[in-house]
Amino acid sequence: MHVIVIGAGVTGTATAWYLRAAGIDVTLVDAADLPARGASAANGGMLHASHAEPWNAPGVSWDLLRYVGRDSSPLLLRPRALPGILPWGIEFLWNSRRSRFERNTLHNARLAEYALRQLRDLQRQLQLDFQFVESGILKIFQDPESLRRNRSASQAMADAGVRFEDWDSERVAAEEPALAPIAHRLCGALYFPDDAIGNAAAFTRELATAAQHAGVRWCPNTRVTRWRLFRGHINGVETSAGPMAADAVVLASGFAAPELLRQLGLRLPVAPVKGYSLTLDLPEVWRPRLPIIDDANKVVLTPLGGQLRLAGTAEFTGTDLRLNPSRVANVLAQCRRTLPRLPEYFDAATMEPWTGLRPMSARGTPILGPTRVPGLFLNTGAGHLGWTFACGSACLLRDSVLGVDPALPLDPFLL
């Protein structure tokens, strides 16, 4: 059996690996020259079953209206993007109803917990070099009501295997001295001991190399243009490098996936959500010991090796990939409010700003599994949880291709 996997981000590369490990002949195709050139390149670096909530939480419609056109806001809707995302946006808001949001959160939490177990097993097997640290993740709060809601959500996710600890501000300062200057502003924190961190781009490229050694064919600089069908069954793709035959195809690309599926009369409710990160070279004295999610400032701070990865913002701006300096500055300013001891000045030559388009499904869960077109499978739409879900969604997709019962029900994730 030969399977083509379209997309060499963390999701597609993991999918190619697990398919090949199951004995399937695999070709991995991407329009870029290297794996992890898109949304996997410089994300927040967190592997967190604890943070499985979709972005369409109840009340998100008010937040979007409140932040329209405000460059300094953590959630930004560009009016020019509205026509392109209107159908998706209606479905996004429909799924923000509390019952749907809570149900999708639990689906995500179960998948995330399963995915982290698969990642740990893979790491024991391959010993990849991607700055993997099982550090846990600390989420800090300044608003008691937000802390209460998050505590309640964490208790609900405990049934999915997501453990947490309740910390007061004194313990926060003791366990993470970098937060001592703002401890007086905190009303508490939640610590998730089973979460971890890692460099998604390094993981993707290391795994891609291992996959090639295992027999996966790697086709860079190859853009898929059309589908090949025989009697209604997918039997390959047309590409910029010529036709490719296959018994099945897995579409694991990001925000470009909907356009490809439209050729088959399928509507994929996935839209690009722009995020920013900034990677700083910092001496150990300035770096926090723990990865931190700041609820008030809507940023994440992740120590990765000798660097600190700052990430935040969600921007609905269509497919605009231009790096906006004001948004980068906004992420840095928000992080300074979390870590006041950060140096006032950074050498621009050592700062690595980045922006990317995360493929976000309208319901807030990834879209994976078979479609109504025989031979076509999906693994996309994970949004901000793509790195966390990668090994789990790839394993479920492998089982789907093989026709065996998956470890988790696929129904919540099907198109």
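Phe203 touches Val10, Leu119, Leu122, Leu128, Phe130, Trp387 and Cys391, leaving aside residues up to four places away in sequence; contact here means heavy atoms within 4.5 Å. This is a predicted model, so local features need pLDDT of at least 70 and side-chain atom pairs count only at pLDDT 80 or more, while totals for chains, interfaces and linings use all residues. Residues are numbered from 1 along each chain as its sequence is written, and side-chain values use heavy atoms, with hydrogens and water left out.

**Nonpolar cores**

- Phe203 is also one of the residues that touch the most other members in the 58-residue largest nonpolar core, along with Val3, Val5, Leu19, Val250 and Val401.
- Helix H10 (residues 386–402) gives the most to this core, with nine residues.
- Apart from that core lies another one of 27 residues, including Ile292, Leu310, Cys335 and Leu339.
- For the cut-offs, a nonpolar core is a set of buried Ala, Val, Leu, Ile, Met, Phe, Trp, Tyr and Cys residues joined through side-chain atoms within 4.5 Å.
- Buried means under 20% relative accessible area, exposed over 50%, and partly exposed in between (1.4 Å probe, protein chains only).

**Helix H10**

- Helices (H or I, at least four residues) and strands (E, at least two) are DSSP runs, numbered from the N terminus.
- With 17 residues, H10 reaches 23 Å from its first C-alpha to its last, close to the 24 Å expected at 1.5 Å a residue (1.5 Å times one less than the number of residues).
- H10 bends by about 35 degrees at Gly392, taken as the angle between axes fitted to the seven residues ending there and the seven starting there.
- Since 16 of its 17 residues are buried, H10 is largely enclosed by the rest of the structure.
- Just after H10, Gly403 takes a positive phi of about 75 degrees.

**Pro303**

- Pro303 sits in strand S16 (residues 299–304) and is buried, at a relative accessible area of 11%.
- Not counting residues up to four places away in sequence, Pro303 touches Ile197, Pro288, Arg289, Leu290, Pro291 and Leu308.
- Pro303 and Ala256 are 47 residues apart along the chain, and their C-alpha atoms are separated by 31 Å.
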